[in-house]
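Please read the following explanation with the sequence and the model side by side. The paragraphs go from one part of the chain to another.

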Amino acid sequence: MSKERATCKIKYIILSVVSLVLICAAVVVTILNTYKPMFEVTINNEFIGYFKSRQEFDEVYQTLVNEKLQLDETAKVFLDTNPVFKQAFVKASTLDNNNLYTSLRAQVRAEYTTYAVLVNNEKKMEFQTKDEADKYAKSMKDQVNNLNVAVNEQKTAELTNINNIESANAILKDIVSRHKPVEEPKPEPKPQPKPVVKKTTKPRQTSKSTPNQNYAPVPSASGGVWPTVSRRISCGFGGYSGHTGLDIDGHTGDANVAYKAGKVVFAGWSGAYGYLVKVDHGDGIQSWYAHNSKILVSVGQNVAQGQLLALQGSTGRSTGDHLHFEIRVNGRPVNPYPYIR
Ligand SMILES: [Zn+2]
């Protein structure tokens, strides 16, 4: 009898221990499900967010670096101070990945190289390429006697002061008009092949004027043709952070034409781009035509230089009639202006 009782007691103890272990395991599993081991990341004592791993942080950071490099692939992109990683258990239900990009983006710094045109040591224009700056400096020297013009390489954190062609031409015109011309004034200046946009005499075209579908472009020195009727650039490449193309003002119904011969690889709706046409020109080069009101080509079609692709519009994320023109080299947007000027 006593032997049986002892066995019973041992069985009871084993059962109790096993249940205790099971309960403990259940508690641990529940805690791990509710609280995740994460890395709390701070930069400059600023809370950035919780990351699963250093690798996840690196991936987010690399995406943001690429954002900056899209505007200028020679930019230097960096963080002011190194991120600090601290292990933490975070309640899973409070984890929110949506703000990681926003909060880290605020800490990503860029240094771009730009070129300023100085007149009497005063900065008048700023460009992303030395060629453009040199071009305007030369134009000033050619038109004005003994003008003190210099082109300076400089470093900047933002590309917000880059001049587009329209504003640069207006500044050039203003400087020339304020100084003595090189030649004796002529009653009527010779018309230039590429005239300077005259702010006062050439009023902004309104949407009331008739659209032009019969645009017959002529190739320029670049070998490309201007992709639409109007030559009014309303926003240059990098004109605001993330602007990956060139905005050319016009009217709904204006001809948007292939800047070069190629093959249509996309023709349809594409979110913010609205009705979009992509033309592949080989060698990794594509041209994109966005915000169209009507597409007139289809995928697979070969198009000639200057061929009508679509009618201009304001579809997608757009605040008015214009052509958003992009050049992509191996998928990356580059300043399209040199391809069509
Ligand atoms: Zn645009």
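Ala 26 belongs to helix α1, which covers residues 2–34. The model shown here is a predicted one. With 10 other C-beta atoms within 10 Å, Ala 26 is exposed; the cut-off for that label is 12 or fewer.

Next comes a sheet. Strands of a sheet pair through backbone hydrogen bonds, and the pairing is either parallel or antiparallel. Here 3 strands make up an open sheet with the order β2-β1-β4, and their pairing is antiparallel. The edges are taken by β2 (46–51) and β4 (84–91); each has a single partner strand, so one side of each has no neighbour in the sheet. From one strand to the next, the twist averages 35°.

The strand β1, residues 35–43, is joined to β2 by 5 bridges and to β4 by 8 bridges. In both pairs the strands run antiparallel. Some individual partners can be located in the model. Toward β2, Glu 40 stands opposite Tyr 50, and Ile 43 has Glu 46 as its bridge partner. Toward β4, Pro 37 stands opposite Phe 89.

β1 and β2 form a hairpin with 2 residues between the strands. Asn 44 lies in this loop. What is the phi of Asn 44? It is near 55°, a positive value in a residue other than glycine. Most residues other than glycine have a negative phi. Asn 44 counts as exposed, because 12 C-beta neighbours lie inside 10 Å and exposed means 12 or fewer.

Another residue with a positive phi is Asn 121, where the value is near 65°. Asn 121 is placed in the loop between β5 and β6. It is exposed too, with 8 other C-beta atoms within 10 Å.

Helix α4 has 14 residues, and the distance from its first C-alpha to its last is 20 Å, close to the 20 Å expected at 1.5 Å a residue. Which residues of α4 are buried? They are Glu 132, Ala 133, Tyr 136, Ala 137 and Met 140. Around the helix axis these residues cover an arc of only 130°, and therefore they sit on the same side of α4. The face turned away from that side carries the exposed residues Asp 131, Lys 138 and Asp 142. The packing partners of the buried residues of α4 are β5, β6, β7 (149–156) and α5.

Helix α5, residues 165–178, also has 14 residues, which should span 20 Å at 1.5 Å a residue; the end C-alpha atoms are 20 Å apart, in agreement. Its buried residues are Ala 168, Asn 169, Leu 172 and Ile 175. Seen down the axis of α5, they fall within an arc of 125°, so they line one face of the helix. On the face turned away from the buried side are the exposed residues Asp 174, Ser 177 and Arg 178. The buried residues of α5 pack against β5 (108–119), β6 (122–127) and α4 (130–143).

The last topic is the nonpolar cores. The largest has 30 residues, and those with the most contacts inside it are Leu 276, Val 277, Tyr 289, Leu 309 and Ala 310. Among the elements that give two or more residues to this core are β11 (262–269), β13 (285–292), β17 (322–329) and α6 (337–340). Which element gives the most to this core? It is β12, with 4 residues.

Leaving aside its neighbours within four places in sequence, Ala 310 is in contact with residues including Asn 256, Tyr 275, Val 277, Tyr 289 and Leu 296.

Methods
Residues numbered from 1 in each chain as written. Predicted model: local features only at pLDDT ≥ 70, side-chain atom pairs only at ≥ 80, totals over all residues. Expected span 1.5 Å × (residues − 1). Buried ≥ 20, exposed ≤ 12 C-beta atoms within 10 Å, placed from the backbone. Arc of directions from axis to C-beta. Contact = placed C-beta atoms within 7 Å. Pairing = 2+ DSSP bridges. Axes fitted to C-alpha atoms, helices over the stretch in contact; angles between N-to-C directions. Core = buried A, V, L, I, M, F, W, Y, C linked by C-beta atoms within 7 Å.
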